[in-house]
Protein chains: 4
Amino acid sequence: MEKIAVGILGATGAVGQKFILVLADHPWFEIRELAASERSSGNRYEDVVAWKQSVAMPEKVRGMMVKDCEANLECRIVFSGLDSSVAGEVETAFAGAGYWVFSNAKNHRMDPDVPLVIAELNPEHLDIIPYQQKNRGWQGAIVTNANCSAIVLALSIGPLQKEFGLKAVHVVTFQAISGAGYPGLPSLDILGNVIPFISGEEEKIETETQKILGRLGKDSFRPADFTVSAHANRVPVEEGHLECVSIRLGEKASVQEVVRCWQQFAGMAQELNLPSAPKQPVVVFCEKDRPQPRLDVWKYKGMSVLVGRVRSCSLFDIRYVVLGHNTMRGAAGASLLNAELALKRGMLD
Amino acid sequence: MEKIAVGILGATGAVGQKFILVLADHPWFEIRELAASERSSGNRYEDVVAWKQSVAMPEKVRGMMVKDCEANLECRIVFSGLDSSVAGEVETAFAGAGYWVFSNAKNHRMDPDVPLVIAELNPEHLDIIPYQQKNRGWQGAIVTNANCSAIVLALSIGPLQKEFGLKAVHVVTFQAISGAGYPGLPSLDILGNVIPFISGEEEKIETETQKILGRLGKDSFRPADFTVSAHANRVPVEEGHLECVSIRLGEKASVQEVVRCWQQFAGMAQELNLPSAPKQPVVVFCEKDRPQPRLDVWKYKGMSVLVGRVRSCSLFDIRYVVLGHNTMRGAAGASLLNAELALKRGMLD
Amino acid sequence: MEKIAVGILGATGAVGQKFILVLADHPWFEIRELAASERSSGNRYEDVVAWKQSVAMPEKVRGMMVKDCEANLECRIVFSGLDSSVAGEVETAFAGAGYWVFSNAKNHRMDPDVPLVIAELNPEHLDIIPYQQKNRGWQGAIVTNANCSAIVLALSIGPLQKEFGLKAVHVVTFQAISGAGYPGLPSLDILGNVIPFISGEEEKIETETQKILGRLGKDSFRPADFTVSAHANRVPVEEGHLECVSIRLGEKASVQEVVRCWQQFAGMAQELNLPSAPKQPVVVFCEKDRPQPRLDVWKYKGMSVLVGRVRSCSLFDIRYVVLGHNTMRGAAGASLLNAELALKRGMLD
Amino acid sequence: MEKIAVGILGATGAVGQKFILVLADHPWFEIRELAASERSSGNRYEDVVAWKQSVAMPEKVRGMMVKDCEANLECRIVFSGLDSSVAGEVETAFAGAGYWVFSNAKNHRMDPDVPLVIAELNPEHLDIIPYQQKNRGWQGAIVTNANCSAIVLALSIGPLQKEFGLKAVHVVTFQAISGAGYPGLPSLDILGNVIPFISGEEEKIETETQKILGRLGKDSFRPADFTVSAHANRVPVEEGHLECVSIRLGEKASVQEVVRCWQQFAGMAQELNLPSAPKQPVVVFCEKDRPQPRLDVWKYKGMSVLVGRVRSCSLFDIRYVVLGHNTMRGAAGASLLNAELALKRGMLD
């Protein structure tokens with residue numbers, strides 16, 4: 001089977017580099033186009049990128065010529081790691097020109113006709129696409145994935161919502177510096193410090209989680225009706241967002257029932273055996289002091305979320321800690337899973 | 001006026017060193033005795049201590065001879081920075097021998113006849129002392145201060161409880177490594193990491209806060225009846241515990257009313273003008289991303305708690321961030337305030 | 001005595017903020033003017049500065065109006081914390097307009113008629129100023145201080161050069177992130193890491209040290225003739241540059257003689273009793289594992305350099321470690337000392 | 001071919017855990033015995049170990065029973081990750097009882113009849129073993145590998161010594177915290193700090209390097225005659241020792257010649273194609289700011305040393321930076337390579 005050509009928008013940035021890593025040896029897709037801002041276009045990739053990964057740059061992209069983010073790339077699928085300052089217009093242009101855009105940018109996430117998808121939780125939200133195409137007069141489409149903290153949260157509460165119902169969610173985040181991109185946070189701000197504020201983050205966690213776990217009606221989404229309260233914080237950790245979560249369920253469930261629910265959970269991504277899908281989307285740790293970002297973030301290739309310290313709560317029903325890899329599961333990996341899902345479902349034929 | 005002789009138990013440890021710093025130029029007290037374990041006793045202080053403070057060791061203690069923790073020190077007041085493995089018995093022995101013990105150790109905090117005091121919030125809890133002395137047949141007494149995280153939390157919720165009532169408290173902590181003493185946390189465990197567990201900490205925060213903000217009846221304490229749920233976490237920060245707090249009040253109050261309540265709050269420590277009392281126990285920051293441990297922990301000499309990001313909450317009423325200096329306000333400084341309070345109230349006459 | 005009005009160029013930047021701190025309660029000088037880029041000018045200082053100091057912003061500057069960096073400020077002395085992208089021209093303009101510019105920028109340091117001064121080591125280099133003024137047709141003047149790493153090195157080797165002569169210097173630096181200004185180093189680059197390269201730093205250390213410790217002949221400087229080899233590295237430390245130094249002396253000296261030389265050293269800054277001069281420019285530590293940046297950098301108000309681990313060397317004669325506060329002694333404090341020196345010597349009359 | 005049974009002494013410690021990782025899927029060896037102190041023996045491995053690796057514990061060792069460090073293990077080869085407080089006697093007992101001990105402990109490294117081997121550099125030093133056995137009356141043997149910093153240094157200077165000769169070596173180290181084992185350095189000592197001292201480290205670097213690069217005469221080693229001067233420092237980095245090295249060569253060589261020498265270097269480990277030998281022992285980086293510990297330490301499976309910033313030096317001939325993985329190449333991996341070497345050379349038949 002011949003591989004399908006794909007392009008990466010914003011290929012030199014932090015998310016773009018992660019897209020290159022997850023696509024480097026992909027069984028279905030092949031990186032054929034790299035696009036970035038004018039500053040980089042017209043040059044060989046390795047000459048313009050500040051490669052910040054601990055894994056070496058894949059040989060195949062080193063010599064590729066970086067192009068402008070113009071909708072004339074030779075591929076039909078593009079992954080967008082664009083900065084939000086330009087992602088809105090560029091992605092619209094690509095979708096209008098017939099491309100399928102799998103975007104990690106925030107710009108279109110909350111558009112009423114754009115699906116915000118986690119392949120394990122709400123694959124049926126892709127069914128809005130025909131309406132999106134008709135509504136916008138597009139041949140192409142835009143599919144988004146959520147904010148990194150929202151993905152980690154949603155993957156842990158989603159299975160419980162399906163089984164027990166969900167009334168309220170309280171989350172306090174401990175977010176890694178890689179979530180701010182590169183150059184991102186100045187070291188003087190975060191070394192030996194905690195910053196109890198991330199601009200716009202709490203709103204994203206609250207609204208995006210409700211959209212993901214809400215329902216797709218006829219041509220529109222109805223957000224889930226549980227309440228979410230989020231406190232977002234930055235900590236001096238390289239990779240991995242940790243979250244302290246307290247939840248109130250629709251119907252009572254014991255700690256054991258909740259743990260079993262997570263352990264047995266599998267979504268469409270698992271059923272379709274998508275190449276980037278983790279075997280087990282939610283892994284539960286028994287050690288009393290795990291998961292921890294530095295020790296655990298790369299487990300299961302960074303594509304599962306890791307839950308620990310599950311216990312009952314005097315104010316809510318259940319409380320726990322969840323860790324997810326913010327630039328893998330929370331960004332490039334999530335977008336890739338969405339493309340795999342759309343392809344496997346025949347939407348790209 | 002001649003200064004009153006005091007001794008320090010556990011003088012070589014992390015809390016003991018902080019006691020030395022806060023007592024070094026005290027207007028009422030003078031360090032006359034230093035006591036520690038057998039390993040150190042019989043030696044000059046500077047020869048046995050691993051001094052880990054960024055402030056130089058006060059000249060007057062350098063040459064002092066370290067004694068055993070036996071109840072034959074030449075002073076009537078002792079401050080205990082003892083490790084909990086020995087504090088229980090040693091403090092009992094001193095109180096039995098007529099000493100007033102102001103203790104930072106956890107051992108006696110929850111004893112039914114031992115007061116757990118924050119000088120601004122529940123100075124009246126000292127009134128249990130005559131009963132304690134009678135009950136135990138002591139001439140001396142034990143007065144404790146709370147766990148560092150509990151103190152920071154209590155100072156922020158206490159004023160609101162007094163004015164609006166309090167129904168529920170949800171707190172997630174970001175605790176500095178100095179809270180674990182020295183050697184404390186191995187660097188391999190915490191560098192670039194978060195540890196979502198601190199042994200026994202959540203229980204202490206929950207129960208001690210209720211005791212502090214509860215009532216002293218006739219010869220016994222009645223814990224406050226609000227519910228507390230605590231998630232405790234360690235972060236790679238040197239000093240300063242940060243806490244994300246969400247609260248439900250007894251009667252509704254706006255963000256403005258809550259802020260004004262904090263800004264106007266003063267307790268007996270302020271009224272009596274105790275030497276170590278901060279002018280304003282709770283200081284409210286307006287910047288959107290403050291307080292931060294590294295930048296703010298030493299403000300107001302580390303004796304106020306600093307509140308920021310006050311906002312309403314969809315699940316509770318109010319949410320905010322609070323920062324306190326864990327080894328000053330949360331340990332040595334709290335204990336010293338208690339001694340100043342007891343002295344000023346004439347209890348030590 | 002009325003205080004002398006001074007201005008700060010680049011007042012909102014990292015060095016500018018340190019100038020504000022060291023000048024806030026100065027006995028001779030008073031901050032009368034704050035100037036910065038167009039982005040800030042025309043606004044109140046506290047509204048445009050991102051204040052990153054752990055000390056609160058002095059009250060007196062909060063409401064001061066920030067002006068452009070035009071040579072029409074109401075003062076005769078300006079301190080320049082300007083970025084090197086603009087410092088060259090702006091400082092020239094000010095000097096041409098009659099201002100005395102005490103500059104921390106690198107632009108004019110190696111100009112043949114501009115003195116590069118450490119008040120303890122080469123105060124006589126100020127004698128070039130009349131020639132500079134004549135040469136350039138200026139009423140004003142430019143006096144520079146060296147790169148932060150060069151200052152720390154020079155203060156430790158300077159006294160030895162005077163007493164024993166100096167043939168060779170090998171230095172490996174461990175430089176704090178604050179040396180890169182703000183925003184400076186991205187946290188993703190330095191958290192849990194070492195960067196073995198700082199652009200242009202090794203050359204500055206090598207050439208500036210030789211100029212400082214060289215001689216002023218008639219209207220020109222002759223660099224010192226010892227060889228300097230520098231390896232510059234960045235480490236995840238907030239403040240304080242540590243340097244591992246190995247030196248070959250002109251005439252043999254024992255470790256004891258070297259230590260005594262440092263301990264007895266005092267320069268013109270001490271003789272004139274300048275307000276910002278440390279009592280002892282070089283302090284020698286005896287502990288086997290000191291000085292350390294986090295524990296020691298603020299000792300002696302950050303204006304002395306701290307030497308430790310002095311021992312003989314199989315390849316050179318003597319090796320040791322030296323620590324200096326890079327933004328105090330290595331920047332704002334050094335510049336201020338130079339201004340105090342020029343004033344006390346009557347050059348500003 | 002059946003695998004050869006091996007045991008690990010000190011299996012629960014930091015080095016012991018690394019031995020387990022490198023031996024887990026080894027083509028020649030199979031972990032059959034785990035031994036540790038009395039505190040652990042008699043228990044299942046997973047119940048007593050504080051597993052601190054980011055890789056999961058290999059399944060096969062989880063349930064293995066930990067034994068005492070008595071010389072009655074069912075294997076003929078043991079790897080020693082013992083603490084130096086006990087390694088001396090225990091290793092002697094095992095060698096006396098017929099075991100081949102490949103030791104990472106410092107105790108026997110400088111014994112006149114014990115080889116200190118880096119498989120690429122001085123494999124011929126193993127030829128002392130028959131003399132060692134005769135001299136001590138042993139059936140078994142002790143083979144040691146060097147201190148982690150010495151290995152990294154030796155691998156970078158060894159190829160140059162062979163080709164150009166070597167007169168002098170000056171090295172300043174930036175050592176990771178994992179080099180101190182677990183619990184090792186207290187976090188309060190190293191967070192945001194540099195410690196310019198590591199007990200005994202400088203002597204080890206100086207003497208061990210000379211032994212490794214010296215000659216084996218008849219029944220004794222003659223240390224190399226170049227001089228080594230080492231400054232050892234600890235930095236807040238998890239893994240990877242970085243070293244700033246300046247060298248004087250026996251005969252002049254250009255930067256290009258030195259780089260080519262490194263790139264072409266291969267030793268007996270490569271010629272024999274030992275399973276743990278890196279293809280290229282010394283890899284040279286061209287980027288101006290690499291290698292860096294966090295980004296590069298795991299490259300080439302952590303078994304090559306990585307050189308960068310090669311340039312000429314005004315005081316010596318050549319200066320450069322070298323990085324090596326301290327617990328892989330500098331400890332467990334080095335010991336394993338020595339065992340592979342001895343086996344392949346038929347010494348264990």
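**Figure 1. Strands 4 and 5 of chain C pair in the parallel sense.** In this predicted model, C:Phe79 stands opposite C:Phe102, a residue of strand 5 of chain C. Strand 4 covers residues 77–80 of chain C, strand 5 covers residues 100–103, and four bridges join the two. In a regular strand, side chains alternate between the two faces of the sheet. Strand 5 of chain C points C:Trp100 and C:Phe102 one way. C:Val101 and C:Ser103 point the other way. All of these residues are buried.

**Figure 2. Six strands of chain D form an open, mixed sheet.** The strand order is 10-7-11-14-13-12. Strand 10 (227–231) and strand 12 (282–284) of chain D are the edge strands, and each pairs on one side only. On average, neighbouring strands of this sheet are turned by 25° against each other, direction ignored.

**Figure 3. Strand 12 of chain D pairs with strand 13 in the parallel sense.** Strand 13 of chain D spans residues 305–312, and three bridges link it to strand 12. Within this pairing, D:Val284 stands opposite D:Val307 of strand 13.

**Figure 4. Helix 6 of chain D packs on the sheet.** The helix takes in residues 148–164. Its contacts are with strand 7 (166–174), strand 11 (241–249), strand 12, strand 13 and strand 14 (318–324) of chain D. The direction of helix 6 makes about 25° with that of strand 11 of chain D.

**Figure 5. Helix 8 of chain D lies across strand 7 and strand 10.** This helix is built from residues 201–212 of chain D. It runs at about 155° to strand 10 of chain D.

**Figure 6. Chain A has twelve helices and 14 strands.** Its radius of gyration is 19 Å, close to the 20 Å that the globule rule gives for 349 residues, so chain A is as compact as a globular protein of that length. Along the principal axes, the C-alpha atoms of chain A fill a box of roughly 60 × 50 × 35 Å. Buried residues account for 58% of the 349 residues in chain A. Take the contacts in chain A between residues at least 6 apart in sequence: 74% of them join residues at least 24 apart.

**Figure 7. Seven residues of chain D are in contact with seven residues of chain A.** The side of chain D that touches chain A divides into four nonpolar, two polar and one charged. Of the interface residues of chain D, 100% are also interface residues in chain A, so the copies meet through the same surface.

Technical notes:
Residues are numbered from 1 along each chain as its sequence is written. Chains are lettered from A and ligands numbered from 1 in the order in which they are written. This is a predicted model: local features need pLDDT of at least 70, side-chain atom pairs count only at pLDDT 80 or more; totals for chains, interfaces and linings use all residues. Two strands pair if DSSP finds at least two bridges between them. Axes are lines fitted to C-alpha atoms, for helices over the stretch in contact, and angles run from 0 to 180 degrees between N-to-C directions. Two residues are in contact if their C-beta atoms, placed from the backbone, lie within 7 Å. The radius of gyration is taken over C-alpha atoms; the globule rule is 2.2 Å times the number of residues to the power 0.38. A residue is buried if 20 or more other C-beta atoms lie within 10 Å of its own, exposed if 12 or fewer, and partly exposed in between; C-beta atoms are placed from the backbone. Ala, Val, Leu, Ile, Met, Phe, Trp, Tyr, Cys and Pro count as nonpolar, Asp, Glu, Lys and Arg as charged, and the others, Gly among them, as polar.
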